[in-house]
Amino acid sequence: MILILKPEVTTDDPAFLSLNHYLETQEGITVQSHSIEGKERRLTELYLLGATARLDIETLQHFEAVDRVIRVSEEYRILGRHSDPDRTSGFEYQGLQFDQSSFHVFAGLCAVDNREHVELMMRGLRSAGQHCARMGAYKPRTNPYAFQGHGATCLPYVFELAGKYDIKVIAMEVTHEDHIEEIQAALELTGHPTGVMLQIGTRNTQNFELLKCVGRQSSFPILFKRGFGVSLNESLNAAEYLASEGNSNVIFCLRGMKTEGGAPHRNLVDFAQVPLVKRLTRMPVCVDPSHSVGDRGRSPEGILEIAHAAAQGVVAGANLVLVDFHPNPAEALVDGPQALLMRELEPFIEDMSRTHAFYRERVAIWTDQLIDA
Ligand code: PEP
Ligand code: MN
């Protein structure tokens with residue numbers, strides 16, 4: 001159950017204190033407070049967890065501090081949409097807005113290999129007018145003998161170079177709770193030249209203890225990847241672990257499903273689910289065409305299949321695109337075959353921004369239709 005407080009109510013208000021006192025006396029109920037972006041201003045929502053079936057909506061509605069009470073379905077309590085149009089999505093980070101209307105491309109290295117490649121990538125992104133990047137320092141690999149990423153040792157130069165080229169947010173996978181502290185320490189060491197979005201990889205979708213740790217920190221937003229072998233419902237519930245621990249600044253990323261049905265692509269592209277995730281939840285939705293398609297193939301008219309797949313997600317309303325590039329894919333230590341070339345960066349960005357503009361035109365077509373109906 002969610003109690004949305006009246007906008008003017010503060011936590012030292014007698015109206016709030018009397019509500020709080022009442023809630024404290026209810027057995028089996030725990031209360032979590034979340035500050036969310038309302039249509040006009042920030043709102044405080046109290047999430048009542050536990051034995052909420054016993055609570056009486058009428059009684060709660062009568063408290064002076066309460067604007068309205070929403071009984072939510074069991075699933076995705078915090079991240080779910082729950083058919084309340086006043087609950088908007090999203091958050092601001094590093095001066096950039098992330099919500100179900102915004103649009104950003106996170107292009108970059110699947111794995112950081114050396115300083116020179118990081119610099120070439122960052123420079124290329126800046127000349128393409130970009131403020132976000134992807135950079136992998138911790139790589140979960142199928143083969144234990146494969147390159148595992150440079151880890152904490154590369155973080156200082158990655159962050160410094162991001163700052164030098166005005167990159168404001170880097171998406172970076174973490175595979176262990178210690179990595180959060182390492183990232184925090186490297187940002188402090190370098191004077192916070194950039195921001196980080198913590199990525200949960202598809203292999204860790206249901207690593208609930210990692211999710212709890214990542215959800216407990218509030219310094220970084222989270223880019224959560226759907227599990228490649230579990231249902232969408234299971235992945236959305238897993239994302240909810242982050243929010244249930246306190247961090248609801250979560251972006252949900254579709255990245256393809258592991259099945260022979262997708263071959264010879266690396267995974268079966270699942271971007272038809274972009275609108276579905278937006279309907280079921282308030283999360284901004286990301287698509288990762290690189291790990292879905294898995295190679296630099298082109299269709300006969302010359303368009304990269306990775307760009308085709310990305311466009312499918314964007315034309316359906318995706319809010320982010322996470323995509324692998326590399327200055328010299330032959331030298332890449334991870335996922336070289338799917339890394340796009342630097343000369344493909346500008347056309348890729350151009351394709352995505354025009355596709356996003358076309359998505360907005362599609363929205364207008366259907367909005368008019370609704371008004372006419
Ligand atoms: C990645 O983005 O580098 C990655 C490993 O992705 P996934 O977890 O989707 O395989
Ligand atoms: Mn990869």
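A residue counts as near a molecule or strand if one of its heavy atoms lies within 4 Å of it. By that rule, the residues around ligand 1 are Cys110, Arg134, Lys139, Glu173, Gln199, Gly201, Thr202, Arg203, Lys225, Arg255 and His291. Please keep in mind that this is a predicted model, in which local features need pLDDT of at least 70, side-chain atom pairs count only at pLDDT 80 or more, and totals for chains, interfaces and linings use all residues. Residues are numbered from 1 along each chain as its sequence is written, chains are lettered from A and ligands numbered from 1 in the order in which they are written, and side-chain values use heavy atoms, with hydrogens and water left out.

**Around ligand 1**

The shell residues divide into 1 nonpolar, 4 polar and 6 charged; here Ala, Val, Leu, Ile, Met, Phe, Trp, Tyr, Cys and Pro count as nonpolar, Asp, Glu, Lys and Arg as charged, and the others, Gly among them, as polar. The table gives side-chain polar contacts to the ligand (pairs of N or O atoms within 3.5 Å; within protein, one must be able to donate a hydrogen and the other to accept it, and residues adjacent in sequence count only if both atoms are side-chain atoms).

| Side chain | Distance to an oxygen atom of ligand 1 |
|---|---|
| Gln199 | 2.9 Å |
| Arg255 | 2.6 Å |
| His291 | 3.4 Å |

Of the 290 Å² of accessible area that ligand 1 has on its own, the protein covers 97%. Such areas come from the Shrake-Rupley method with a 1.4 Å probe, and for residues only the protein chains shown count as cover.

Thr202, one of the shell residues, sits in the loop between strand 10 (195-200) and helix 6 (208-216). Helices (H or I, at least four residues) and strands (E, at least two) are DSSP runs, numbered from the N terminus. Thr202 is buried at 7% relative accessibility, where buried means under 20% relative accessible area, exposed over 50%, and partly exposed in between (1.4 Å probe, protein chains only). Leaving aside residues up to four places away in sequence, Thr202 touches Lys225, Arg226, Gly227, Phe228 and Arg255; contact means heavy atoms within 4.5 Å.

**The manganese site**

Cys110 (SG), His291 (NE2) and Asp335 (OD) coordinate the manganese ion (ligand 2) at 2.0 to 2.3 Å. Donors are N, O and S atoms within 2.8 Å of the metal (3.2 Å for Na, K and Ca), and water is not among the atoms, so sites may look incomplete. Along the sequence the donor residues are spaced C-x180-H-x43-D. Cys110 lies in the loop between strand 7 (104-109) and helix 3 (115-127), while Asp335 lies in the loop between strand 14 (320-324) and helix 11 (345-372), so this pair ties together parts that are 225 residues apart in sequence. Cys110 is buried at 5% relative accessible area, and Asp335 is buried at 19%.

**Backbone points to look at**

Most residues other than glycine have a negative phi, and most peptide bonds are trans. Asp335, though not a glycine, has a positive phi of about 55°. Gln94 also has a positive phi, near 55°; it lies in the loop between strand 5 (91-93) and strand 6 (96-98) and is partly exposed at 36% relative accessibility. Ala263 and Pro264 are joined by a cis peptide bond with omega about 5°, and Pro264 belongs to the loop between strand 12 (250-254) and helix 8 (274-280).

**Helix 4**

In helix 4 (residues 155-164), the buried residues include Leu155, Tyr157, Val158, Phe159, Leu161 and Ala162. The buried residues of this helix pack against helix 3, strand 8 (132-135), strand 9 (169-173), helix 5 (178-189) and strand 10. After helix 4 comes Asp166, with a positive phi near 60°.
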